[in-house]
Amino acid sequence: MSGLNDMNELYEAIILDHYRSPRNTAPVDSPDIDLEVNNPFCGDEFHIQLKVDGSAVTQVGITGRGCAISQASASLLAELVEGKSSDDVHAAVDSIRRLLKGEEVSEEERDILGDIEALEGVRKFPVRIKCALLSWVGLDDALTEHLGA
Amino acid sequence: MSMTQAGIRAFDVDAIRADFPILSRKINGQELVYLDNAATSQKPKQVIQSLVDYYEQTNANVHRGVHTLSIEATDGYELARTKVTKFINAPRPEEVIWTRNTSESLNLVAATWADANINEGDNIVISAMEHHSNIVPWQQLAAKKNAELRYLAAGEDGLLDVSNVDSIIDSRTKLVAITHMSNVLGTINPVAMLADKVHAVGGVILVDAAQSVPHMAVDVQALDTDFLCFSAHKMLGPTGIGVLWGKYDLLEAMPPYMFGGDMILEVTYEDATWNDLPYKFEAGTPNIADAIATGAAVDYLADLGMDNVWAHEQELTAYAMEQILSMNSIRVLGPQDPALRGGVISFIHDTIHPHDLGTALDQQGIAIRTGHHCAMPLVRSFDVVAAARASFYIYNTKSEVDALINGISETERYFSR
């Protein structure tokens with residue numbers, strides 16, 4: 001078991017909890033945004049549905065298949081975006097990108113991220129950063145496109 | 001080291017392991033257990049030394065100079081070709097063409113022979129268990145030519161479904177392109193039977209031997225194949241070099257693939273004529289050092305004897321299959337009978353995703369492959385998006401199989417905390 005305890009930062013209790021019990025997985029009725037994102041490198045795939053009122057996300061449903069990191073990350077995302085404005089979502093995605101790259105993230109940003117901070121350990125496993133960002137980048141791009149249209 | 005002594009040397013895994021410097025590396029503080037051989041093999045010091053020797057003692061361009069180094073480089077380059085020729089029991093060294101890898105060999109045939117011989121309404125037959133590199137070139141060619149791409153299915157038992165082979169291969173079949181051994185399922189395909197079938201309708205067969213030539217005795221004449229493609233890096237050799245073997249008359253009739261130096265016989269300001277085989281397909285300065293190192297890899301394998309290599313891997317595979325199948329949490333893709341498969345075992349854990357398993361095993365020094373293994377349609381047909389894969393080679397041991405099984409159990413304990 002010696003080697004595996006080094007993974008504790010990657011697989012924090014919060015991550016395993018979201019992996020085992022993902023939040024906001026119910027399908028959304030007549031969603032405004034409905035997209036599939038996948039990582040062709042590893043085969044992970046997510047179905048993301050959003051209801052958008054003005055520029056605010058009012059309802060979210062995310063389901064998919066993937067590793068613990070990508071699934072937990074998608075669940076944390078689903079929890080965060082509900083009720084948020086698109087500006088808040090963009091800001092959070094920007095924060096998490098920097099968090100995973102090991103760049104500066106302010107205390108204020110960390111407060112907003114909350115449990116999502118548990119993903120910080122992924123940065124020690126660079127090949128897994130894509131797993132953590134998959135759903136975030138997909139949702140952010142789709143939201144930008146939807147509001148720009 | 002001579003080829004006539006093939007297999008006489010006892011198969012001594014400890015002695016073999018001592019030839020591989022990388023096997024003494026520690027990974028995350030643990031002994032390296034390298035089980036990703038289907039992706040690429042490790043290299044013995046004999047192969048590494050041949051690269052050093054070439055660059056330190058022989059380096060020069062081939063087929064050009066009258067000076068000593070050029071002559072020695074040319075001799076080394078051509079000697080390596082004859083070693084490969086004997087290794088696959090090809091009739092003539094001119095039939096052995098150096099490429100960059102299996103993918104380039106496949107693309108070469110698609111762009112030359114297939115482009116010249118496949119027309120609208122013809123069909124190309126491949127299987128559902130091909131690597132992407134033996135799917136996409138044919139998809140592209142079929143689209144360009146308005147030809148049909150047909151698939152032989154993979155059964156749930158992991159074996160090629162040949163029940164309908166006589167309707168799939170018909171009078172319009174120009175090419176069967178099939179993997180000799182699946183890089184996902186380990187399945188060994190009935191190449192000689194398919195060769196008979198396609199020859200009977202006047203077509204040709206290409207064998208993707210990337211996973212077979214490194215692990216078993218492959219005899220192109222016994223298989224009666226028309227083209228054979230493989231890479232050196234999966235058989236102890238360097239990356240960046242591969243082989244296309246083809247029957248002489250087919251290669252002779254094919255147009256060139258690339259144009260440039262070495263592949264021409266005569267150039268005027270208006271036109272050019274093509275060099276003889278194999279040089280017609282080797283435009284430009286070739287990968288001389290890696291060709292010579294491939295010769296060293298072939299020497300190493302021939303010295304062990306490919307029947308002994310195969311027997312060693314069969315023993316490991318049987319040992320690993322028995323243990324893995326006894327774990328209730330694991331489903332193995334592909335045939336369960338070790339005699340029907342090579343040393344490639346893809347598996348799915350019922351609760352732990354392959355990538356989480358791969359990271360956890362890496363923490364224990366164990367290297368496996370995770371993902372779709374460049375065979376997305378096949379992996380998806382098992383209703384999963386990814387699988388874990390352990391694959392063996394000459395230097396692997398039963399205690400490394402034990403380490404894998406133990407590593408999976410440790411990972412289960414970790415994730416059930």
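This is a predicted model: local features need pLDDT of at least 70, side-chain atom pairs count only at pLDDT 80 or more; totals for chains, interfaces and linings use all residues.
Student: Where does S9 of chain B run, and how many of its residues are buried?

Tutor: Strand S9 of chain B spans residues 227–231, and five of its five residues are buried. Strands here are DSSP runs of E, at least two residues, and helices are runs of H or I, at least four, numbered from the N terminus.

Student: Which strand runs parallel to S9(B)?

Tutor: Strand S8 of chain B, residues 204–208, runs parallel to S9(B) and is joined to it by three bridges. Pairing takes at least two DSSP bridges between the strands. Strand S10 of chain B, residues 242–246, runs antiparallel to S9(B), with five bridges.

Student: What is the bridge partner of B:Val207 in S9(B)?

Tutor: B:Leu228. In S10(B), B:Leu228 stands opposite B:Trp245.

Student: Why does B:Leu228 count as buried?

Tutor: B:Leu228 has 28 other C-beta atoms within 10 Å, so it counts as buried. Apart from neighbours within four places in sequence, its contacts (C-beta atoms within 7 Å) are B:Ile88, B:Val207, B:Ala209, B:Val220 and B:Trp245.

Student: And what separates B:Leu228 from B:Leu250?

Tutor: They are 22 residues apart along the chain, and their C-alpha atoms are separated by 12 Å.

Student: Switching topic. What is the strand order of the open sheet of four strands in chain B?

Tutor: The order is S13-S14-S17-S16, with antiparallel pairing. S13 (330–333) and S16 (369–371) of chain B are at the edges with a single partner strand each, so one side of each has no neighbour in the sheet.

Student: How many bridges pair S14 and S17 of chain B?

Tutor: Four bridges pair S14 (residues 344–349) with S17 (residues 387–391), in the antiparallel sense. One of the bridges puts B:Val344 with B:Ser391 in S17(B).

Student: What does helix H12 of chain B lie across?

Tutor: Helix H12, residues 354–363, lies across S14, S16 and S17 of chain B.

Student: OK, zooming out. Where are the domains of chain B?

Tutor: Domain 1 covers 89–287 and domain 2 covers 305–415, with bounds from an automatic or database domain assignment. Their centres, taken over C-alpha atoms, are 29 Å apart. The domains touch: 21 residues of domain 1 are in contact with 22 of domain 2.

Student: How many helices and strands in chain B?

Tutor: Chain B has 14 helices and 17 strands. Its C-alpha atoms fill a box of roughly 75 × 55 × 35 Å along the principal axes, and 51% of the 417 residues count as buried. Among its contacts between residues at least 6 apart in sequence, 70% join residues at least 24 apart.

Student: How many residues do chain A and chain B put into their contact?

Tutor: 17 residues from chain A and 17 residues from chain B.

Methods: Residues are numbered from 1 along each chain as its sequence is written. Chains are lettered from A and ligands numbered from 1 in the order in which they are written. Two residues are in contact if their C-beta atoms, placed from the backbone, lie within 7 Å. Axes are lines fitted to C-alpha atoms, for helices over the stretch in contact, and angles run from 0 to 180 degrees between N-to-C directions. A residue is buried if 20 or more other C-beta atoms lie within 10 Å of its own, exposed if 12 or fewer, and partly exposed in between; C-beta atoms are placed from the backbone.
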